[in-house]
Amino acid sequence: MYQTKYHKPASIDDAVAALAVAEDGKVLGGGQTLLPTMKQHLASPTDLVDVGGISGMADISVSDGCLTIGAGARHADVAASSVVRDAIPALACLAGGIGDPAVRSMGTIGGSVANNDPAADYPAAVLGLGATVVTNTREIAADDFFEGMFTTALEEDEIITAIKFPIPSSAGYSKFPNPASRYAMVGVFVANGGSGARVAVTGAGQDGVFRADSMESALSSNFSAGSLDGTSLDADGMMADIHGTAEYRAHLVSVVAKRAVTSAV
Amino acid sequence: MSDGIGARVERKEDKRFITGKGKYTDDFRVDNQAYAAFVRCPVANAKINGIDASAALAMEGVIAVHTGPEMKEDGIGDLITGWSITSKDGSPMQCGVWSPMVTTYGRYVGDAIAIVVAETQAIARAAAELVELSYDELPATVQVEAALADGAAQVHENVPGNMIYDWEIGDEAAVNDALAGAHHVTEMRMVNNRLSPNPMEPRSAVAIFDEAEDHYTLYTTSQNPHVARLVLSAFYNVAPEHKLRVIAPDVGGGFGSKIYIYPEEITCLWASMKTGRSVKWTSDRTEAFLTDAHGRDHVTKATMGFDANGRIVGFKTDTLANLGAYVSLFATVTPTYLHGTLLSGCYDMPAIYGNVKAVHTNTVPVDAYRGAGRPEATYTIERMIETAAREMGMDPAELRRKNFINEFPYQTQVILQYDSGDYHKTLDMAEEIADVAGFAARRAEAAARGKLRGLGYSTFVEACGIAPSAAVGSLGAAVGLWESAEVRVNPVGSVEILTGCHSHGQGHETTFAQVVSDRLGIPVDNVSIVHGDTDKVQFGMGTYGSRSGPVGMSAIVKALDKVEAKAKKIAAHTLEASEDDIVIENGEVKVAGTDKSMAWHEIGLAAYIAHNLPEGMEPGLKEAAFYDPLNFSFPAGALICEVEVDPDTGVTDIVKFTAVDDFGNIINPNIVEGQVHGGVTQGIGQAMLEQVVYDDSGQMITGSYMDYCMPRADDVPSYALDHNATPSPLNPLGIKGCGEAGAIGSPPAVINAITDAIGNNDLQMPATPLAVWTALQNVKTSMAAE
C-alpha cells in the first residue's frame, strides 16, 4: 500500500512550499483526471496539494477587453457565469459541454489546461483565443504553453493561477464526440479578432491541440463557413484508433470547423 | 380482478430498487470477513514458470496468497461444459482443460493465477500487484478466422487446429441441388460482433465457511443458484450439496453472463476453507470486461437461393464461432442448437444446411448472451433476405410475405416445430405504425436537408421457454430444463410462491403475483415471491432463455391447480355442497348460483386449524409442481427501423423504431414493453455501438467505457410498440416469452436501414460513424471509378 499525504494550503506560496518538499507531489484541482488515475494505481503521488482552498483562485472578471478566469473555476461555474456568457459565449458553451454534470461540478479550468489531455476541450479555447496562462511565477502565451500530448511549458512546482482570454469579436466551438467516451474526437475552436482569425483543433492531433494555419488564413480574409470550402488537413499527424482513422479525423476537422464558424457569436 | 393477467400493475420490486434499498451480494457484510483480489495473466498466452508472493505476504493486512496447483492438490475440480456437441464426422468435441486457477498455462489476458486474501479490499488489490510472475510469453491466436489457419498458434495441446467441433445441421446435398437450380443466388459474409454483457452490477461472491458445521454459504450474482450449487458440489468438489447453501439475492442484471459458475466463486469458497475467513470478492468494471463471458463473435458466409417467383429454394450457412480460451458452461450449444435450429426464420424454406466450426482463441470465453444464437441466426437470415430483395429489385416486405410460413404448427427442416403465429398480420401492423407508405416523401424531405434516409426490416422468430428436458437431453444437454414451483397458502390466506426461477431485473415479484391474483382473486400485495436461496426454495433451473414465463409460470399454474382443487374440497365440505359446484371468484370460494360462500382467507384458516376437514384430508394448504415444457415457444415479430445518416460525419440517427411482437398472452404489458425497450436498445448497441476489440497480441483494447460504447438514452428513439398475440397452445397461460426478442430481432433492422440509406450494402456491425463514413467514401470511390 502506498501512502499519499493530503495538503490544503490557504495560499499559493504555501502550495508551492508544500510541493517543493514533497518527493512526488501533485497539484490537485478538481481531481477529475488525477483521482481516477490514482484509483487505477497509474499514479501514486506521495503528496496531493489541493489548491481548491486558496481564496480568489476561482474568480471571474472582465477588464480592458480581457476575460480573466481563476484557475480554480469549475466548469459548471464558467458555463453558468453571466460574465463569461456576455464576454465570450462560446467559452461558456464549451464549459457546459465538458464531460457530465458530475465532472463539470468538480473539474477546474486550471486542472484541465495543466493536464493538456489531447482530447480535452479547454486547450482548444485557450489556443484558439490566444489566451495567456498566468502562473505563480510568470505569464505564458498559449502559443508557447502547449508542447504536446499531456505536456506543457509548466516548470516543476509551477501552478496555474488564472487564464486571461482576450475578448474576440466573435467565437465558436463545436465538437464531434467520441461515441464511447464522449471526449472530443475532434473539437474546433474558432475566433475572429483584431489580428485575424484563429482556429485551434483538439482531439485530433498526435501532439495534442494545434492551430490549423490554412483555415486561419481562409477565415482571416472572410470569416464564414463557406470560406473553409476547399481547405483540408493532412491526415499525417492525426491520431488513429478504433473510433477514427487519421483520414476520418482530418475530414472531421473540416466539418467541425465549419460548424464552429456557423455557431460563432 | 384489477391485479390479474393483462393488468399494468406497477412493479412491486421497484420501490427498493429505485430508492437504493436493493440488497446485492456486495451489500452483505458478514462476520470474520476478508477480501479477495486476483492476480491475473497479463498476456494472452503464457507458460507460468513461477509465482513469488513473498512481497505480497509481507504486506501488513495480507492473510494469504493461494495458487492453482494448491487447489488441484485439494481436489478442486476443473470447470465443466453443460452440453456435449458431436462433430459431423461422429467424433466428440475437443475442449481445453479449464482449471479455476492456472496450473501451468495462462491462456487469456485475465486468466486467474492466484488469489490474495487480505483484511481490506484496498490491501488485497495492492498486494496482488506485488505478486511477481515469471513466465514465458507464447504466440497467441485472437481472431476466429485466423485460429483455423495453417500454422495458427495452438491454444490447447489437446485441441488440434484449435477446432472444438465441426457440426452440421440440415441436408447439404438438397441445398446444393436447390442452389444449383436457383433463379437468383445471394451470397454474403457477415460478422456478428463480439459483445461484453455489461450488467449494471458486476459479479460478486461472499463465501462463508463454517468449520464447526463443515458447511459453506455462498452469496453470489447468479441467475440460477441451484444449478450453481449442483455444479459446485458434484463437479468442483467444493462441498457436498447438503453442506452448501447458495444465495443469489438481488442481482443487477445478467443477460446470460451470470448463468455460469466462474473460477472466482469456486476459488472464494475454497479460499474461505483455507483461510478460515469469510472471503468477499467483487469485480470492478475492467475485471468484468476481462473475465465475464462475452457474447456472439461469429463470422458467417451465407448463400440463399430463390426461384423466379421470389420463393426461397435453399439456404446454406457456414459459420465460425469463437468460443475463447476455454469452453464455458453453455458455450457449445449457443452456435449449434440455439443458432442452427433457427435458420428457417419465419420462412417456409424447403432446404437448409448449416455448418458451424467452433474454435479456441486466446480470448475471454464466449457463452450465451441475451438471445444466444438466435440473434446470430436472425441477423444472417434477415440481412440475406433484405439484400436479396435489393438485388432482385423487389420490395423487401413483399419478398418476406412471399416466403412467410402460413400454417401452424410448422415443421422446419432444422428440427424445430413452431407452435403458432400470424406473420402477415404482424408485418401489416408494423408497416402501418411505421408509416411505410409515407417513407418516400420523408426520404425526399431529408435529402433536401442533405441527409440520407433509410428503412430496414427484420421479421424474426425465435425459440423461448427453454426447454423440454428429454429433447435437450437427446441433443447433448447435461441437464433437464423443466421448472419448479411451490404455492404456500398461509393460514390468513396470503400466498407465498417459491420458484426455481430467479429475477435479476425481469419483475417476477410482480408478474408471478399477478398470475396468483388472477386465479385466486386476491390482491398482488397479498402474494410474495421467494426465490434465489437454495435453503428456502426447492430445486429449480433458473432464469435465462426467456423461460421464466412459459416454463416457470406454467409450474406455478400447475401448483395452483392443486391448491384450488384442495380449496374446493374444503369449501364443498364446509358449505355442504358438491365439489363440482364450487367456483373461485374475486377472492371468494362460492357455491355457484347461490349466496353461499367462504372468503379465501377462511379457506386458509380452515385448512390449518383442521377442525373440520373432509375425512382423510391432510391439514394445510401447500402444493408443489414441476413443469416440463412440451416444446419451445416461438415468439415472433416485425421490426422496422428508419434512420437518417449525416453524410458529412457518418453519424446515424434512428428517427423511428417500430416493433410489433407476438409474445402470446401478456401478463403485464408494462413489463413486457420494458423488456422490448431494453432488448431493442441492446440490439441497437450491437448494431451501432458495441464491440470488444483485441489487438493482435490478445490485449483487450476496449477494457473500459472510454472505448467500449454502451447505448445511452440519447442514442435511441422513443419506440413505437404493438402486439399481435397468437397464444401458444403448448402451455397453460398461452405465453411465449419476451426477454430476448428485442435483442434478437433488432440488429438486422438497423443495418438494413443504414445500408438502405447509404446505398452500400458492404457494412459490418457495429455501424459506428467511422464505419458508415468509410462505407460512404467507398460508394463515392466506386461511383467515380464508373
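**Exercise 1. Domains of chain B**

Task: In this predicted model, state which domains the assignment gives for chain B. Then describe how domain 1 of chain B and domain 2 of chain B meet.

Solution: 
- Step 1. List the domains. Domain 1 of chain B covers 31-138 + 200-253 + 258-291, domain 2 covers 298-466 + 631-785, and domain 3 covers 482-627.
- Step 2. Find the spacing. The C-alpha centres of domain 1 of chain B and domain 2 of chain B are 36 Å apart.
- Step 3. Count the contact. Domain 1 of chain B supplies 25 residues and domain 2 of chain B supplies 24 residues.
- Step 4. Sort one side by class. Where domain 1 of chain B touches domain 2 of chain B, its side has 15 nonpolar, 7 polar and 3 charged residues.

**Exercise 2. A strand and its two partners**

Task: Explain why strand S14 of chain B counts as largely enclosed. Then find how S13(B) and S15(B) pair with S14(B).

Solution: 
- Step 1. Take the partner S13(B), residues 298-306. It runs antiparallel to S14(B), and 9 bridges join the two. Locate one pair: Ile312(B) in S14(B) has Phe306(B) opposite.
- Step 2. Look at the turn. The hairpin of S13(B) and S14(B) has 5 residues between the strands, and Gly310(B) there has a positive phi near 85°.
- Step 3. Take the partner S15(B), residues 352-360. It pairs with S14(B) in the parallel sense, over 9 bridges. One pair to locate is Lys316(B) with its bridge partner Tyr353(B) in S15(B).

**Exercise 3. An open sheet in chain B**

Task: Give the strand order of the open sheet of 3 strands in chain B. Say which strands stand at the edges.

Solution: 
- Step 1. Read the order. It is S4-S2-S6 (chain B), with antiparallel pairing.
- Step 2. Pick the edges. Strand S4 (105-106) and strand S6 (132-137) of chain B each have a single partner strand, so one side of each has no neighbour in the sheet.
- Step 3. Inspect one pairing. Strand S2 of chain B, residues 46-52, pairs with S6(B) through 6 antiparallel bridges. Ala46(B) has Glu137(B) in S6(B) as its bridge partner.

**Exercise 4. The two faces of a strand in chain A**

Task: Sort the residues of strand S6 of chain A into a covered and an uncovered face. Then trace the pairing of S6(A) with S7(A) and S10(A).

Solution: 
- Step 1. Recall the rule. Side chains of a regular strand alternate between the two faces of the sheet.
- Step 2. Apply it to residues 132-135. Val133(A) and Thr135(A) make up the covered face; Thr132(A) and Val134(A) make up the uncovered face.
- Step 3. Follow S6(A) to S7(A), residues 139-141. They pair antiparallel over 3 bridges. They form a hairpin with 3 residues between them.
- Step 4. Follow S6(A) to S10(A), residues 160-166. These strands run antiparallel, joined by 4 bridges.
- Step 5. Glu139(A) stands opposite it in S7(A). Ala162(A) stands opposite Val134(A) in S10(A).

**Exercise 5. Chain A as a whole**

Task: Decide whether the radius of gyration of chain A agrees or disagrees with that of a compact globule.

Solution: 
- Step 1. Compare. For 265 residues, a compact globule would come near 18 Å; chain A has 18 Å, so the two agree.
- Step 2. Count the elements. Chain A has 11 helices and 14 strands.
- Step 3. Domain 1 of chain A is 5-53 and domain 2 is 170-263. Their C-alpha centres are separated by 34 Å.

**Exercise 6. Core and interface**

Task: Identify the residues with the most contacts inside the largest nonpolar core. Then describe the side of chain A that touches chain B.

Solution: 
- Step 1. Name the residues. The largest nonpolar core has 318 residues, and Val190(A) and Val116(B) have the most contacts inside it.
- Step 2. Name the top contributor. Helix H16 of chain B, residues 548-575, gives the most to this core, with 11 residues.
- Step 3. Look around Val190(A). Beyond its neighbours within four places in sequence, its contacts include Ala171(A), Val199(A), Leu219(A) and Val261(A).
- Step 4. Turn to the chain contact. 13 residues of chain A touch 19 residues of chain B. Helix H11 of chain A, residues 246-263, gives the most to the chain A side, with 3 residues.
- Step 5. Sort by class. The side of chain A that touches chain B has 8 nonpolar, 5 polar and no charged residues.

Key. Residues are numbered from 1 along each chain as its sequence is written. Chains are lettered from A and ligands numbered from 1 in the order in which they are written. This is a predicted model: local features need pLDDT of at least 70, side-chain atom pairs count only at pLDDT 80 or more; totals for chains, interfaces and linings use all residues. A residue is buried if 20 or more other C-beta atoms lie within 10 Å of its own, exposed if 12 or fewer, and partly exposed in between; C-beta atoms are placed from the backbone. Two strands pair if DSSP finds at least two bridges between them. A nonpolar core is a set of buried Ala, Val, Leu, Ile, Met, Phe, Trp, Tyr and Cys residues joined through C-beta atoms within 7 Å. Two residues are in contact if their C-beta atoms, placed from the backbone, lie within 7 Å. Domain bounds come from an automatic or database domain assignment. Ala, Val, Leu, Ile, Met, Phe, Trp, Tyr, Cys and Pro count as nonpolar, Asp, Glu, Lys and Arg as charged, and the others, Gly among them, as polar. The radius of gyration is taken over C-alpha atoms; the globule rule is 2.2 Å times the number of residues to the power 0.38.
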